[in-house]
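Subject: Structure for your files

Hello,

Here is the structure you will be working with. Please keep it open while you read the notes below it.

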Amino acid sequence: MNLDKQYYSISEVASLFKVNTSKLRYWETQFPHLLPKRTGKGIRKYTPVDIEKIAILVDLIDNQGLTIEGAKLAIKKNGSPKNPNQAVIDQLLDIRQFLQVISEGLN
């Protein structure tokens with residue numbers, strides 16, 4: 001894949017992989033490591049690194065037939081790059097779960 005630009009629009013990336021733009025937006029919600037940069041107006045700008053991550057997802061989900069959960073497990077197992085804030089996200093999720101347990105105990 002020859003990527004000669006610094007940033008690509010969501011429509012360019014979608015046409016590159018022959019997927020809908022809605023699929024790319026959905027994958028952003030499911031895979032924390034996939035976070036394209038955004039302009040001040042919220043327009044997504046994908047870097048070549050983002051496009052490499054999408055290529056992995058396309059291979060796992062569309063080519064190998066894995067589900068979203070299966071792709072998450074495969075990425076976790078293979079140690080693909082995570083969101084740099086993933087440690088904080090994991091801590092917040094643990095705190096949330098702890099608070100839910102406390103809340104249930106009070107009710």
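Helices here are DSSP runs of H or I with at least four residues, strands are E runs of at least two, and both are numbered from the N terminus. This is a predicted model, in which local features need pLDDT of at least 70 and side-chain atom pairs count only at pLDDT 80 or more, while totals for chains, interfaces and linings use all residues. Residues are numbered from 1 along each chain as its sequence is written, and side-chain values use heavy atoms, with hydrogens and water left out.

E28 is found in helix α2. Is E28 buried or exposed? E28 is buried, because its relative accessible area is 12% (buried is under 20%, exposed over 50%, partly exposed in between, with a 1.4 Å probe and protein chains only). R44 is buried as well as E28.

The side chains of R44 and E28 form a salt bridge, at 2.7 Å from N to O (a side-chain nitrogen of Lys or Arg within 4 Å of a carboxyl oxygen of Asp or Glu). R44 lies in strand β2 and E28 in helix α2, so this pair ties together parts 16 residues apart in sequence. R38 also belongs here: E28, R38 and R44 are linked in a network of salt bridges. Apart from neighbours within four places in sequence, E28 is in contact with L34, P36, R38, R44 and Y46 (contact means heavy atoms within 4.5 Å).

Other salt bridges

How many salt bridges does the count come to? The count comes to five. One of them joins the side chains of K23 and D62, at 3.1 Å from N to O. That pair links distant parts of the chain, with K23 in helix α2 and D62 in helix α3, 39 residues apart. K23 counts as partly exposed because its relative accessibility is 28%, and D62 counts as partly exposed at 36%.

K72 forms a salt bridge with E69, where the closest N and O atoms are 3.4 Å apart. K72 and E69 are three residues apart in helix α4 (residues 68-78), so about one helical turn separates them. K72 is partly exposed, at 27% relative accessibility. As background, side chains of opposite charge can pair when their charged atoms come close.

Helix α1 and the residue after it

Helix α1 covers residues 10-17, and its buried residues are I10, V13, A14 and F17. These four lie on the same side of α1, because they cover an arc of only 100° around the axis (the arc of the directions from the helix axis to the C-beta atoms). The buried residues of α1 pack against α2 (21-30), β2 (44-45) and α3 (48-63).

K18 follows α1 and sits in the loop between α1 and α2. Phi of K18 is near 60°, a positive value in a residue other than glycine. Most residues other than glycine have a negative phi. K18 is exposed, with a relative accessible area of 75%.

A nonpolar patch

V88, L92, I95, F98, L99, I102 and L106 make a nonpolar surface patch of about 720 Å². Patches are made of residues with over 30% relative accessible area and no salt bridge, with like charges joined within 9 Å and nonpolar side chains (Val, Leu, Ile, Met, Phe, Trp, Tyr) within 5 Å; accessible areas come from the Shrake-Rupley method with a 1.4 Å probe, and for residues only the protein chains shown count as cover. V88 lies in helix α5 (residues 86-106) and counts as partly exposed, at 46% relative accessibility.

Regards
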